[in-house]
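Have the sequence and structure to hand as you read.

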Amino acid sequence: MPRLLPLLLLAGPLVAADRAELKHAPAAVDNPLRGLVPYQGDVRDKFPHSLEFNYLPYSALVKGYHQFDWKPLDTLLDDVAGRGHQAVLRVFLEYPNEKGGIPEFLVTDGLKVTKWMYKDAPPTPTNPVETPDYEDKNLRKSLTAFIAAFGKRYDGDPRIGFVTAGLLGLWGEWHNYPKGELFASKPVQLEVMGAYEAAFKVTPVLLRYPAGEKTYQKASNAARPFGYHDDSFAWATLHTGKKGDEWFYMTALKEAGAEAKWKTHPIGGEIRPEAWGQVFDEKPEKKEVQNFRECVEATHATWLMDSGMFRKKPPADRVRRAEEQVRRMGYEFHCPGVTVGEVKGGKLEVKLEIENRGVAPFYYDWKAEYGLLSDGKPVKTAASSGKLTGLLPGDKPRVWADTLDVSGVKAGKYTLAVRVPNTLKGGKPLRFANETQGEEWLTLGAVEVK
């Protein structure tokens with residue numbers, strides 16, 4: 001009968017069922033579904049990442065009330081996946097200096113479009129904008145039909161990491177500032193949120209603003225199953241208490257009563273363009289830049305767009321500080337110990353301890369598996385019954401208790417290991433914050449089958 005004798009990383013000899021401590025080490029900066037996010041493209045030489053972002057105009061996908069062309073989206077997703085990355089995406093109707101986001105068939109059917117000039121902060125030039133009448137019944141019918149079809153086709157697609165709700169307002173960011181009168185009414189917002197809630201059960205959907213029952217111009221979303229994306233991160237994130245800063249993310253979050261949202265739904269966003277790159281400097285040039293680590297810990301952010309680290313090769317000291325800070329984002333799973341029992345009847349009992357040292361949970365139910373490795377290759381694998389979802393920072397370690405089938409394994413010496421594969425083919429595996437974590441497998445110890 002095969003028997004596995006664990007020799008698990010301790011100084012002295014072990015006996016069966018001894019607990020072995022596993023040492024901590026910083027996790028990979030480019031762990032999947034977290035960290036900094038560039039715009040779509042191959043910038044792997046600039047800074048480690050596992051996600052890429054891009055927009056698509058509504059008109060590129062919607063050709064009729066129930067007619068859709070998914071090729072542009074599939075092309076985007078396949079390109080990103082080809083680099084082993086997952087996509088964060090958004091669909092927009094209006095974007096400064098971008099024409100044609102609104103499908104022509106809606107205009108033909110009477111949709112009113114308001115043309116105006118949007119002026120951002122200097123040195124950004126004034127740009128033309130085309131804003132649709134969001135109260136138009138045909139547009140509303142089109143939006144709900146699109147979201148339903150979008151979810152039916154792509155919910156759970158491993159090429160997608162996160163969807164930002166988009167569709168409404170400038171850049172799909174759910175506002176038309178400074179022309180607030182052009183923004184969608186609360187009933188329209190509720191229709192869009194209801195459609196997303198019905199259509200997406202696996203892939204997380206994120207909204208731009210936290211909103212409660214009394215939030216001006218925004219329909220309440222605190223109780224809905226959506227995360228948030230703070231697109232003025234590290235600039236208008238932390239609560240200041242100052243007049244005029246009521247829209248800052250943490251202030252709005254508290255006002256909406258959604259401070260615990262991160263425990264079940266992801267928080268993302270974009271580092272404010274004025275703070276790109278320099279947010280990781282020891283002393284940022286602009287005094288408005290808020291402390292990045294404080295912002296991450298307050299928001300429990302999992303991912304953030306930041307073109308500043310990807311436009312050109314950043315200075316080495318900025319990269320070093322950024323890597324240190326980005327490791328604080330999202331989850332960081334560490335295995336503090338493992339216990340391996342004796343083989344009985346071709347079965348091996350393993351108890352692996354998992355703790356989360358990050359700031360947020362992992363939001364996908366990816367499956368872990370154990371393996372007996374020979375020369376780094378699995379001879380036999382077995383699925384773990386353990387889950388990563390719902391394990392919060394500060395929780396006591398979760399124990400994965402599994403009985404592995406080791407029957408039929410040839411006598412010899414092997415390495416006992418565990419891994420969490422990415423559901424995306426070619427995607428980066430989830431890596432633990434342990435000294436013995438390799439590119440794919442976390443080594444738990446040496447075993448011998450007799």
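This is a predicted model: local features need pLDDT of at least 70, side-chain atom pairs count only at pLDDT 80 or more; totals for chains, interfaces and linings use all residues.

## The second largest cavity

Trp174, Gln189, Met193, Arg208, Tyr209, Lys218, Ala219 and Asn221 form the lining of the second largest cavity. This cavity holds about 40 Å³ of space. By residue class, its lining splits into 4 nonpolar, 2 polar and 2 charged.

## The largest cavity

How many cavities of 30 Å³ or more does a search of the whole structure find? The search gives 4, and the largest cavity contains about 70 Å³ of space. Strand E17 (369–374), strand E18 (377–383) and strand E19 (398–405) are the elements that each give two or more residues to its lining.

The lining includes Tyr370, Lys380, Leu404 and Leu416. Its residues comprise 6 nonpolar, 2 polar and 2 charged.

## Aromatic contacts

Turning to the rings, the count comes to 29 aromatic pairs. One of them joins Tyr55 and Phe92 edge-to-face, with 6.0 Å centre to centre and 80 degrees between the planes. This pair links distant parts of the chain, 37 residues apart: Tyr55 belongs to strand E3 (residues 51–57) and Phe92 to strand E6 (residues 86–92).

Are Tyr55 and Phe92 buried or exposed? Both are buried. They also belong to a cluster linked by ring pairs, together with Tyr39, Phe53, Tyr95, Trp116, Tyr118 and Trp171.

Elsewhere, Lys141 places its charged end over the ring of Tyr65, 4.3 Å from the ring's centre.

Notes
Residues are numbered from 1 along each chain as its sequence is written. Side-chain values use heavy atoms; hydrogens and water are left out. On a 1 Å grid over the protein atoms alone, a cavity is a set of points where a 1.4 Å probe fits but cannot get out, and a pocket is an open set with protein on both sides within 12 Å along at least five of seven lines; lining residues have an atom within 4 Å of a point. Grid points are joined across faces, edges and corners, and a volume is the space filled by probe spheres set on the points. Helices (H or I, at least four residues) and strands (E, at least two) are DSSP runs, numbered from the N terminus. Ala, Val, Leu, Ile, Met, Phe, Trp, Tyr, Cys and Pro count as nonpolar, Asp, Glu, Lys and Arg as charged, and the others, Gly among them, as polar. Rings of Phe, Tyr and Trp (its six-membered ring) pair if their centres lie within 6.5 Å; planes under 30 degrees apart count as stacked, over 60 as edge-to-face and the rest as tilted. Buried means under 20% relative accessible area, exposed over 50%, partly exposed in between (1.4 Å probe, protein chains only). A charge sits over a ring if NZ of Lys or CZ of Arg is within 6 Å of the ring centre and within 35 degrees of the ring normal.
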